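Please look at the sequence and the structure first.

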Amino acid sequence: MTEQPRHDDEHHWPMLRSLQSWRISALPSDLAAGLTLAAIAIPEQMATAKLGGFTPETGFFAFIAGSLGFALFGANRFLSCGADSTITPIFAGGLALLAASGTPEYGGLAAALALLVGVMLVLAGGFRLGGIANLLSVPVTVGFLAGIAVHIIVSQLPGVLGLPSPSGPTLVRIATLVEELGKANPSTVLIGFGVLATVMLCERISARIPGALIALTASTSFVIAAGLDARGVPVIGPLSGKIPMPSVPLIGPEQWAKLVPLAFLIAVVVMMQTAATTRSFPSGPDHPAEVDRDFLGAGVGSLLAGLFGAFPVNASPPRTGIVVETGGRSQVAGLLAAAIVLLLVLFGARLLAHVPEAALAGILLFVALRIIRVTQIASVYRASKGEFLLIVATAFAIIALPIEQGVTLGISLSLLHGIWSTTRAHLISFERVPETTIWWPAHPQIKGEELSDVAVVGFQAPLSFLNAATFRADLQHLLQSRKPRIVVFEASAIVEIDFTAAQALREVIRMCNESGIVFAVARLESLRAQAAFERFGLYDVLPRDRVFHSVDHALQKLQGA
């Protein structure tokens with residue numbers, strides 16, 4: 001179910017929707033926000049590119065493409081789109097099965113993946129498939145992020161410790177790193193954890209402080225002054241300083257086919273994060289979230305990233321929050337930040353040559369620690385032990401399995417959780433609130449009134465094939481145990497009825513008719529449920545005058561009949 005209102009102009013997907021109400025008076029605010037966003041994005045995009053096995057400038061191209069694509073076609077005024085550490089470990093793990101990291105083939109596959117993800121997101125936006133963003137429940141999402149965080153930490157610790165990156169499954173790599181701790185390089189440890197501490201301190205003081213840029217500048221100055229790059233401390237080295245020409249990756253049809261499942265997983269995660277971001281930072285109180293439109297913006301961002309040899313992009317909640325906190329008014333802030341990054345690529349490549357890799361790893365350690373939602377995990381643990389186990393299971397699947405398989409399992413667990421919740425629904429009895437005409441679900445601590453020959457019942461879930469048998473069995477048991485003269489089905493919670501459930505309801509109504517029991521429906525409020533009554537022929541067994549606006553109205557008519 002989508003969230004945007006349907007205006008006629010929206011069907012034509014006009015460009016620059018996020019800038020339609022922009023005025024020149026907003027330029028100073030957007031300029032300040034753009035400068036801050038660039039200061040945050042430059043080290044983050046470099047670090048994220050390193051996480052995926054790419055050169056730093058590839059991260060810059062991803063940011064420029066994501067910012068431009070979203071400004072052109074997205075709706076949210078604040079959302080920042082670019083390289084993102086949530087999806088990078090997923091596609092890096094998938095691509096590593098097809099090509100060696102850092103090779104031209106690896107880069108070509110990443111660009112092709114970006115194009116596929118972009119196409120899927122554009123289609124999702126065009127066909128208004130915003131509901132896909134709800135495939136992951138909150139516990140599964142929290143577990144998913146915790147698992148991704150562990151992957152980032154494990155992949156970056158070798159850079160901080162100055163050790164070779166171990167190979168094999170994540171759990172094996174963790175064991176290897178523990179064994180090799182004694183061989184850590186003191187210089188890289190100082191740089192990596194110094195950067196981590198600096199960024200954490202700046203974040204604690206104010207999110208507006210570009211802690212990553214400050215730490216990156218300080219660590220680079222330290223490396224140059226102490227000559228550490230000549231003494232074995234790895235640095236990123238010289239950048240090309242060139243903008244690639246747009247092109248479509250030259251890979252075979254079988255390779256495109258192999259990328260489709262991975263592209264779908266990435267697209268689902270991007271939709272989930274884009275929807276969460278645009279809902280958390282709406283354009284304004286009179287501008288409801290336009291999730292489908294923002295899918296289009298993120299999709300065009302990925303398409304541009306693929307054409308310029310980068311990788312899939314994603315919405316960033318932290319960077320979007322920075323735009324809002326620094327007074328940004330529109331996507332002009334993101335475009336200004338992208339322009340600054342472009343100037344850095346063209347004219348400042350030499351400045352980045354001495355950036356230590358341990359500093360980028362330290363930034364990524366901060367990112368990983370930030371996406372572990374400790375407070376939310378604690379809240380779920382206190383409220384629902386079962387859903388806490390879902391967090392643990394999802395995180396363990398992401399950590400222990402190849403990451404794309406873990407993400408697939410996480411989505412499956414989320415869907416199974418939703419199905420399980422639906423199948424647990426049972427018939428409930430209603431009682432009249434004393435001295436009123438209100439009928440309310442029976443509660444052991446709230447005294448209500450029942451009528452001896454009347455059963456008022458409800459079912460607090462959509463009626464579907466998942467619970468149709470339970471619904472029929474529960475109602476049959478009630479008819480046998482209470483033997484009422486009148487049954488009123490309070491249907492306010494029935495938002496949908498599928499074919500299987502309609503047949504079960506039809507059978508129950510027919511059973512009541514044959515037994516001389518008057519069956520009525522009250523508060524059939526959902527338009528979809530009303531349409532189902534027509535579509536599945538339920539009025540063939542239930543007279544239309546047995547459908548009432550309230551339980552009290554139904555009893556007044558039926559008891560007086």
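This is a predicted model: local features need pLDDT of at least 70, side-chain atom pairs count only at pLDDT 80 or more; totals for chains, interfaces and linings use all residues.

Residues are numbered from 1 along each chain as its sequence is written, and side-chain values use heavy atoms, with hydrogens and water left out.

Q: What makes a space a pocket, and how much space lies in the largest pocket?
A: On a 1 Å grid over the protein atoms alone, a pocket is an open set of points with protein on both sides within 12 Å along at least five of seven lines, whereas a cavity is a set where a 1.4 Å probe fits but cannot get out. The largest pocket holds about 1,100 Å³, a volume being the space filled by probe spheres set on the points, which are joined across faces, edges and corners.

Q: Which residues that line the largest pocket are the closest to its centre?
A: Lining residues have an atom within 4 Å of a point; of the 43 in the largest pocket, Leu 51, Ala 92, Ser 155, Ser 165 and Arg 173 are the closest to its centre.

Q: Which helix gives the most to the lining of the second largest pocket?
A: Helices are DSSP runs (H or I, at least four residues), numbered from the N terminus, and H9 gives the most, with seven residues. In the largest pocket, the largest share, six residues, comes from H5.

Key. Helices (H or I, at least four residues) and strands (E, at least two) are DSSP runs, numbered from the N terminus.
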